[in-house]
Amino acid sequence: MLKIHHVYVDGKFRTPHGTELSPLYNPATEEVIGEVRLADETDALAAIAAAKRAFPSFSRTGKQERIAILNRLSAAFTDRLDDLKEAMAEEYGAVRGVLDALVPRASGMFDEAARLLGTYEFTRTSGPNTIVMAPLGVAALITPWNLNIVFLAQKMAAAIAAGATVVVKPSELSATQTQVVTEAVDAADVPPGVINIVTGRGEIVGDVLTSHPDIVKVGFTGSTAVGQRIMRNAAATFKRLTLELGGKSPSILLDDADLTTAVPAALASGFLNNGQTCFAGTRILAPRSRLDDVLEAVKAAMPAFRVGDPRDPGTGVGPVVSRQQFDRVHSYIRLGLEEGARVLVGGAGRPEGLERGWFVKPTVFTGVTNQMRIAREEIFGPVLVVIPFEDDDDAVTIANDTPYGLQAHVFTPDVERAHRVARRIEAGTVLINRIFADHEAPFGGIKQSGIGREHHTYGLEAYLEPRAITA
Ligand code: NAD
């Protein structure tokens, strides 16, 4: 059994001051696979102090030094690619397709940051002004359990490129993944104190980080509810915030869409990562004139989303992360029925033949209105809704009638028409005939999906502050 009994502070693995032991599970078997000893407030304070000590010299390092660190981090993550995939499969049931597509993105994040740093101008002049893009200071990076590795790499890469030092607080549900990440960071020979990693509870370590005066920036990916709490905590010391929060993204099938490709793509987005993706297209908007065809196409596409053992290459959907999430997703399936929606495919109860493991049948509801809670709230499991619309205007109105605004998808062979619709959609990203964003585009939400942007220059500048020197 894996025992993770350390935090990473000041370039060293240390036994935490915290003593709480938290079990780690394999969601496909419900078996305990390990335990993590959680950091506490004292560990969080030690990590903040180490990052603060490291900041003055790290913030003055030149581009070449930081590029070399980013290159070493990329190499270290590449060396551990198989272990990272194994940890994600074991700890939250990520399926092969997701692992192969997304885990290499982690080292890619460091490569991209290194490339960007090569050309980025930290000092600019404008009239009598010298504008210096200065690193913010010590940043707290707080991540969820889903795709933890990619989010950690993305945030660390941007902060390191900027010259900021960090205290990382990953989810307590992702300690196995974090262990491999921490070993990779250690192998990359990052100067002591630049990256500190403390796995602990959000309401303990997270609260310390988001309210401590020495933390000047919080980079957070997680739920909208926790994002709100972080904003409240951060207000007292005016911390800079990047908040990547929840979503209820629409996938709009315009009336000329090729349903044989668009419907499988919309389902792939909705069921991505076992339905546990912030930008998943969980509301499929279908033209009323073609509703029956859409529902038939959904049924026809379902064999590609076979639920089962995540290690089986034929599996499309693995388990959800925890017993709590399993119960929560089922409560939404029951709620959908109570609200009057009909199950088109899937439904409550475990899939046939899977007696153990937190497996949920990939479920699609029809007979849904956009006012139902199953259409408004983030379920974070493989449960989608199909909502009919009358025309393009109506599709846009329904797409925007949500508290969220992270991503949207438009399917049509008419790309100009798609652009016209896309410009009217309130979302940080609108994808046309695709379900993955491009890594050079800014990523982030509007409305209750968050504040700020990650990726590329937008992500780098989230860890910098312009300062003016005027002669
Ligand atoms: P969560 O909000 O419960 O937890 C995220 C992190 O916040 C964890 O590390 C947790 O320990 C920490 N946390 C909890 N309470 C805290 C507090 N009081 N102060 C500081 N930190 C605290 O989210 P989760 O269940 O781990 O992940 C799923 C959620 O994340 C979903 O809502 C999903 O949409 C969202 N998410 C968003 C994006 C995005 O890029 N927009 C990406 C992935 C996941």
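Because the model is predicted, local features need pLDDT of at least 70 and side-chain atom pairs count only at pLDDT 80 or more, while totals for chains, interfaces and linings use all residues. Residues are numbered from 1 along each chain as its sequence is written, and side-chain values use heavy atoms, with hydrogens and water left out.

Domain 1 puts 27 residues into the contact and domain 2 puts in 30 residues, where contact means heavy atoms within 4.5 Å.

The area buried between domain 1 and domain 2 is about 2400 Å², and carbon and sulfur atoms give 54% of it. Buried area is the accessible area (1.4 Å probe) that two parts lose on being put together, summed over both. On the side of domain 1, E30, V95 and K447 supply 25% of the area buried against domain 2, more than any other three residues.

The interface also holds 5 salt bridges, each a side-chain nitrogen of Lys or Arg within 4 Å of a carboxyl oxygen of Asp or Glu. E30 and R350 form a salt bridge through their side chains, at 3.5 Å from N to O.

On the domain 1 side that touches domain 2, the residues divide into 11 nonpolar, 7 polar and 9 charged. Here Ala, Val, Leu, Ile, Met, Phe, Trp, Tyr, Cys and Pro count as nonpolar, Asp, Glu, Lys and Arg as charged, and the others, Gly among them, as polar.

The ligand is surrounded by 27 residues, the closest being T143, S223, L245, C278 and E378; a residue counts if one of its heavy atoms lies within 4 Å. An N or O atom in the side chain of S223 is 2.6 Å from a ligand oxygen atom. For the side chain of K169, the corresponding distance is 2.9 Å.

Notes
Polar contact = N/O pair within 3.5 Å; in protein donor to acceptor, adjacent residues only side chain to side chain.
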